[in-house]
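I want to look up the strands, then the ligand site, then the domain layout.

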Amino acid sequence: MNSRIPGFYTRDRSERLSTVADRRDLDADAVDALDADGEVGETVDGLSENVVGSITYPLSVATNFVVDGEDVLVPMAVEESSVVAAASKGALLARSTGGFTTDTDGPYMIGQVQVADVADPTAARLRVLERAEEIAAVANDQGVLVSHGGGCEDVTARVVDTPAGQTVVVHLLVDVRDAMGANAVNTMCEAIAPVVADATGGRVSLRVLSNLADCRLARARCRVDPDALVDSGDDSEEASGIDGETVRDRIVEAWAFAAGDPYRAATHNKGIMNAVDALAVATCNDWRALEAGAHAYAAREGYGPLTTYEVGDDGDLICSIELPVQVGTVGGATAVHSAGRAAMDVLGVEGADEFASVLAALGLAENLASLRALVDEGIQSGHMKLHAENVARQAGAPAGLVEEVAARMVAGEDIRESRARELVEELG
Ligand code: MEV
């Protein structure tokens with residue numbers, strides 16, 4: 001098989017798909033599964049390069065959210081079972097005490113212009129600061145941010161020690177309003193390069209935003225009555241019998257574990273990002289930017305958890321989260337993706353700050369529910385129910401039998417396709 005396909009990008013989508021099908025000997029079912037018809041095909045073709053088709057994710061809606069006093073339905077696109085259930089469960093735990101309250105820093109992104117080969121970096125830095133107003137004015141001549149009330153609000157400069165020697169780094173602090181802001185900030189960084197080169201006498205190299213968006217933080221808080229933390233069991237499982245105060249204290253202990261151990265903190269934060277990314281994917285936002293920002297922020301003083309838990313004076317569990325949130329409600333892929341736009345309609349937020357608030361609340365809800373399950377009955381029972389249903393479907397169980405077959409496999413602790421087939425025969 002030869003991966004060299006000259007002019008691949010110039011072919012139309014169906015030609016590209018048949019070329020790949022030929023090279024990889026795909027059967028008709030595989031080609032059908034990848035193919036994207038009609039509007040979906042046109043949309044995805046315009047979003048990336050070398051597109052051959054599309055891949056479908058489940059679009060779910062997490063329920064029970066109250067954010068700053070408003071009920072919100074949260075669209076989530078994620079392939080992992082239990083993520084949406086956990087988000088809804090976490091939101092329910094917070095709901096009876098008023099839900100989530102949030103605050104945000106505002107939509108400030110950082111742009112970086114790196115200058116190498118500078119003779120005296122410390123003096124060059126000062127010369128940049130002397131010309132800060134001029135640099136901001138050049139930045140603000142770009143695009144439409146200023147007319148929308150945003151724009152470059154500050155120019156700073158740093159001298160950074162790198163393995164290749166000292167480098168001067170100019171930072172633009174840009175109010176990007178309701179955009180995610182990457183394009184606007186990158187354009188500004190490129191535009192100011194000549195002034196920066198002149199001020200520093202060095203060679204301008206990289207001109208691009210930073211995804212460590214630590215001036216665009218969102219915070220959410222909630223409190224939970226310990227009684228609400230008691231596991232009530234479900235159809236397939238008995239309740240664990242652990243009382244609410246114990247569950248509460250163990251959640252605080254689980255948080256402390258993450259605060260003390262980066263191996264645990266990585267998983268703790270992964271769970272938070274399960275939900276945050278799912279909302280970003282559903283609304284066609286850049287989830288990689290959110291990931292990069294969240295983990296870099298978590299590592300600012302040695303890698304740690306993005307949430308905190310403590311016991312309040314009244315015995316409630318006090319939960320909070322703080323993370324950088326770089327998302328937009330205007331522009332980007334959402335503007336051209338009808339399903340992404342429809343997901344934004346489900347969410348119904350007014351602007352980027354409100355969007356950031358929901359993302360923070362969602363991350364906290366997810367983490368709260370994960371920790372509650374982890375310290376009590378464990379997470380596998382919930383996972384296994386959904387996993388068993390998938391196995392039942394794979395085994396050909398008709399829709400009306402899927403739940404029953406799955407429940408019997410879970411109860412018998414035997415979740416295999418062959419067992420599912422036996423049960424389908426027995427029950428069918
Ligand atoms: C699984 O995708 C996420 C969890 O592992 C998160 C956690 O351990 O906190 C359940």
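Sheet first: I find an open sheet of 4 strands, paired antiparallel in the order S5-S6-S4-S7. This is a predicted model, so I keep that in mind throughout.

Which strands stand at the edges? Strand S5 (151-162) and strand S7 (203-210) do; each has a single partner strand, so one side of each is left without a neighbour in the sheet.

Then I zoomed in on one pair. S5 and strand S6 (residues 165-175) run antiparallel over 11 bridges. Across that pairing, Asp-161 stands opposite Gln-166 in S6.

Next, the ligand. Around it I list Glu-80, Arg-264, Thr-267, His-268, Lys-270, Gly-271, Asn-274, Leu-374 and Ile-379. By class, that shell divides into 2 nonpolar, 4 polar and 3 charged residues. Where does the largest share of the shell come from? Helix H9 (residues 262-282) supplies it, with 6 residues.

Polar distances to ligand oxygen atoms, jotted down:
- The side chain of Glu-80 has an N or O atom 2.6 Å from one.
- For Arg-264, a polar side-chain atom lies 2.8 Å away from one.
- Lys-270 has a side-chain N or O atom at 2.8 Å from one.

How much of the ligand does the protein bury? Taken alone the ligand exposes 300 Å², and the protein buries 86% of that.

Last entry, domains. The assignment gives domain 1 (8-47), domain 2 (59-105 + 218-377), domain 3 (108-210) and domain 4 (382-427). I checked one spacing: the C-alpha centres of domain 1 and domain 3 are 41 Å apart.

How values were computed
Residues are numbered from 1 along each chain as its sequence is written. This is a predicted model: local features need pLDDT of at least 70, side-chain atom pairs count only at pLDDT 80 or more; totals for chains, interfaces and linings use all residues. Side-chain values use heavy atoms; hydrogens and water are left out. Domain bounds come from an automatic or database domain assignment. A residue is near a molecule or strand if one of its heavy atoms lies within 4 Å of it. A polar contact is a pair of N or O atoms within 3.5 Å; within protein, one must be able to donate a hydrogen and the other to accept it, and residues adjacent in sequence count only if both atoms are side-chain atoms. Accessible areas come from the Shrake-Rupley method with a 1.4 Å probe; for residues, only the protein chains shown count as cover. Helices (H or I, at least four residues) and strands (E, at least two) are DSSP runs, numbered from the N terminus. Ala, Val, Leu, Ile, Met, Phe, Trp, Tyr, Cys and Pro count as nonpolar, Asp, Glu, Lys and Arg as charged, and the others, Gly among them, as polar. Two strands pair if DSSP finds at least two bridges between them.
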